[in-house]
Amino acid sequence: MTLKLNPELSHEVWKLAYPLILASISQSLLSIVDTAFVGRISPSALAAAGMGGIVLLTITVFLGALYWGTQALTARRYGEGKFSQCGKILDNSLVIAIVLGGIITFLAPVIARFLSPFFESDPKMGKLLYEYMEYRLY
């Protein structure tokens, strides 16, 4: 079996994939920049940013299922030629995203206060972790 690269198909795949690649890179880049800035403050602040970044990445990946599911369902309906259903899927996903985003934004202090004790290694780091997670959740 020989593998051949189809330039036209590769171009189409790249056009669809690059926004997702950029979104993934932006999350990692944000954590790197946070680490670079916070690392100059104190070891406790660096620990809080590192642990908070991991916790928030976990939340982001969990909620990422919404956009992965939206893409899969939309692609399926598009492939079936049911173009009007593509819009309905997007509408539903947008409503869910707005509701979840509103809840997370409104409850950011509560979520941060609930999660931070599970990951703190000392009280000073725990306070910083709470503050870091609260602002990142906003």
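This talk goes through the helix packing and then the pockets of one predicted model.

Some ground rules. Residues are numbered from 1 along each chain as its sequence is written, and side-chain values use heavy atoms, with hydrogens and water left out. Because the model is predicted, local features need pLDDT of at least 70 and side-chain atom pairs count only at pLDDT 80 or more, while totals for chains, interfaces and linings use all residues.

Helices first. Two packed helices are described by the angle between their axes and the distance between the axes. The helices here are DSSP runs (H or I, at least four residues), numbered from the N terminus. Axes are lines fitted to C-alpha atoms over the stretch in contact, and angles run from 0 to 180 degrees between N-to-C directions.

Take H2 and H3. Their axes come within 8 Å and cross at roughly 175°. That makes H2 roughly antiparallel to H3; angles under 35 degrees count as roughly parallel, over 145 as roughly antiparallel, 65 to 115 as roughly perpendicular and the rest as oblique. On the H2 side, the contact (heavy atoms within 4.5 Å) includes Leu63, Leu66 and Leu73. On the H3 side, Phe83, Ile89 and Leu100 are among the residues that take part. By class, this contact has eleven nonpolar, four polar and one charged residues. Nonpolar here covers Ala, Val, Leu, Ile, Met, Phe, Trp, Tyr, Cys and Pro; charged covers Asp, Glu, Lys and Arg; the others, Gly among them, are polar.

Next, H3 and H4. Their axes come within 4 Å and cross at roughly 65°, so H3 and H4 are roughly perpendicular to each other. Ile104, Thr105 and Phe106 of H3 meet Ala108, Pro109 and Ile111 of H4. Five of these residues are nonpolar, one is polar and none is charged.

H4, residues 108-119, also packs against H5, at an angle of about 140° with the axes 8 Å apart. Among the residues in this contact are Leu115 and Phe119 of H4, and Leu129 and Met133 of H5. The classes are eleven nonpolar, two polar and two charged.

Now the pockets. Rolling a probe the size of a water molecule over the atoms shows where empty space is left. A pocket is an open set of points, on a 1 Å grid over the protein atoms alone, where a 1.4 Å probe fits, with protein on both sides within 12 Å along at least five of seven lines; lining residues have an atom within 4 Å of a point.

How big is the largest pocket? Its volume, the space filled by probe spheres set on the points, is about 550 Å³. Of its 22 lining residues, the closest to the centre are Gln27, Thr60, Val61, Leu63 and Gly64. H2 gives the largest share of the lining, ten residues. The lining divides into 14 nonpolar, seven polar and one charged.

The second largest pocket has a volume of about 150 Å³. Leu16, Pro19, Leu20 and Gln71 line this second pocket, and H1 gives the most, with three residues.

Notes. Helices (H or I, at least four residues) and strands (E, at least two) are DSSP runs, numbered from the N terminus.
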